[in-house]
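Please open the structure in your viewer and keep the selection panel at hand.

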Amino acid sequence: MSKAKIRLVYKQVIDASSESGFEKALFQASYQEFLLKSQAYNRYGKLKTFSSIKANDGRANSLHYKLGFSVGHFIAQLNNKMPVIKDNIGNKISFEAANFELIESHIDDISLHKIAVNYETGALILVELMGEYMLLAPDNLPNSEPLETFVLRMQPDLSIITYEEISQLEIGLN
Amino acid sequence: MERKNFLKTFAIMAAAGPLIIDGCKKDGVTKSTTSTTGTTTSTTSTNGSTCIVSPTETEGPFPYPGGKANNPLKRTDVTDSQTGVPLAITFLVVNVNDNCNVVTNARVDIWHCNKDGYYSGYANQPGILGTQTYVGKTWLRGYQVSDATGLANFSTIYPGWYTGRATHIHFEVYVNNVLKKTSQLTFSETISDAVHQSSLYAAHGINTTRNASDSVFGDSATDLANETMSLAGNIADGYTGSFTIGIAI
């Protein structure tokens with residue numbers, strides 16, 4: 001197959017049913033911040049849900065990044081290692097950036113609060129696709145054989161967000 | 001449950017607990033109650049003694065990692081490694097509906113751009129250093145709660161600027177978790193121009209958007225005057241300024 005330089009993103013969705021301490025911390029902190037920061041676009045609490053606030057005032061889209069500040073400290077504790085997904089031998093996957101996303105919320109009902117963190121990897125070399133498994137290599141290795149690789153299964157909430165076809169000769173040159 | 005209410009409720013429960021237990025001992029009857037979260041508690045009688053199943057409540061509020069009870073953004077010094085001319089700001093929060101008496105426990109949030117005109121937290125920002133992404137960074141952002149004298153202090157740096165806006169700092173004020181004010185403040189252009197020509201800011205130079213022609217400050221000379229923070233100090237030592245935020249409660 002053709003080799004490619006790719007970036008992966010894993011979307012961790014967090015809602016009232018989430019159970020880990022990390023997820024609960026993000027859930028609580030971002031909801032408290034939503035109650036505060038959404039008021040700028042919803043004076044007097046006239047609207048109830050994030051989607052209705054956003055539909056009424058497009059500036060409410062800034063809540064994605066504004067709420068992100070309330071959880072940044074928790075995400076920093078991950079040390080750039082994704083929670084939840086691992087490669088085929090149990091190693092955590094490194095991420096380069098984590099983007100907070102407010103999916104939905106309700107100013108009177110925390111149970112309807114739903115958020116996501118999108119963890120984006122750095123550039124990876126997609127060496128081979130084997131069914132649902134990807135043979136990957138970091139894009140920062142010296143140009144030497146053998147290539148250090150790892151195997152990751154394609155799974156729900158994991159996606160390839162950038163794709164750049166490269167020749168085999170280019171692997172490891174960057 | 002909101003943290004303050006949680007703590008308040010906890011305190012009330014802690015104080016009331018012995019009384020409830022004593023009460024049960026005295027009358028010795030079986031009771032059932034329902035907590036505020038809808039979790040039913042029940043009383044069980046065994047050999048004449050009485051006890052209750054402790055009510056179930058939410059596990060929160062969650063302390064921050066490392067045991068910090070507060071959001072790390074609750075901080076006086078928001079500099080967070082950003083370089084620039086030091087700027088110390090003291091906000092005084094007053095209630096215009098109460099003889100300008102001070103407002104205590106008001107949350108004051110501030111945020112502003114760095115010396116090069118970029119904000120933390122944003123992706124793909126154009127500017128003097130080219131397109132920059134600072135997602136995950138929180139520099140030059142923070143909040144404080146006004147003290148018993150209505151004061152909230154911050155240590156930061158003098159803001160730089162970006163194309164299309166006068167030099168400014170954003171702020172918001174919340175009282176009892178209700179947003180009471182969203183606004184911005186600016187500075188004397190004489191001082192801003194001097195700062196922006198000093199060594200750390202010189203690459204960008206003087207702000208091309210003047211206060212009077214700014215889209216935010218320029219619509220009212222009166223508002224501009226009331227939104228201009230007076231400063232004392234100099235470039236070498238930094239500046240200090242105080243600003244009174246009047247809110248109607």
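Begin by displaying both chains of this predicted model. Chain A and chain B bury about 2,000 Å² between them, and 57% of that area lies on carbon and sulfur atoms. Next, select Leu36(A), Tyr65(A) and Phe69(A): these residues supply 30% of the area that chain A buries against chain B, more than any other three residues. The contact as a whole draws 20 residues from chain A and 25 residues from chain B.

**Across the interface**

Turn now to the charged groups. How many salt bridges does the rule find across the interface of chain A and chain B? It finds three. To view a salt bridge, select Lys37(A) and Glu172(B), whose side chains meet at 2.9 Å, N to O. Polar contacts may be examined next: eight residue pairs, both members at pLDDT 80 or more, are in polar contact across the interface of chain A and chain B.

Colour chain A by secondary structure. The elements that give two or more residues to the side touching chain B are helix H1 (21-37), helix H3 (63-76) and strand S4 (97-104) of chain A. Of these, which gives the most? The answer is H1(A), with eight residues.

Is Ser38(A) buried or exposed? It counts as buried, because its relative accessibility is 2%, under the 20% limit. Show its surroundings as well: leaving aside residues up to four places away in sequence, Ser38(A) touches Glu33(A), Ile53(A), Leu63(A) and Ile107(A).

Move along to Tyr44(A), also found in the loop between H1 and H2 of chain A. Tyr44(A) counts as exposed because its relative accessibility is 80%. Most residues other than glycine have a negative phi. Phi of Tyr44(A), however, is near 70°, a positive value in a residue other than glycine.

**Chain B as a whole**

Select the whole of chain B. This chain contains three helices and twelve strands, and 40% of its 249 residues are buried. Among contacts in chain B with a separation of 6 or more, 64% join residues 24 or more positions apart. Chain B exposes about 12,700 Å², of which carbon and sulfur atoms supply 54%.

**Two loops of chain B**

Select Ser81(B), in the loop between strand S3 (49-52) and strand S4 (86-95) of chain B. Ser81(B) has a positive phi of about 80° although it is not a glycine. With 66% relative accessibility, Ser81(B) counts as exposed.

For the last stop, select Ala236(B), in the loop between strand S11 (228-234) and strand S12 (238-247) of chain B. Why does Ala236(B) count as exposed? Its relative accessibility is 72%, and exposed means over 50%.

Definitions and conventions
Residues are numbered from 1 along each chain as its sequence is written. Chains are lettered from A and ligands numbered from 1 in the order in which they are written. Side-chain values use heavy atoms; hydrogens and water are left out. Contact means heavy atoms within 4.5 Å. Buried area is the accessible area (1.4 Å probe) that two parts lose on being put together, summed over both. A salt bridge is a side-chain nitrogen of Lys or Arg within 4 Å of a carboxyl oxygen of Asp or Glu. A polar contact is a pair of N or O atoms within 3.5 Å; within protein, one must be able to donate a hydrogen and the other to accept it, and residues adjacent in sequence count only if both atoms are side-chain atoms. Helices (H or I, at least four residues) and strands (E, at least two) are DSSP runs, numbered from the N terminus. Buried means under 20% relative accessible area, exposed over 50%, partly exposed in between (1.4 Å probe, protein chains only). Accessible areas come from the Shrake-Rupley method with a 1.4 Å probe; for residues, only the protein chains shown count as cover.
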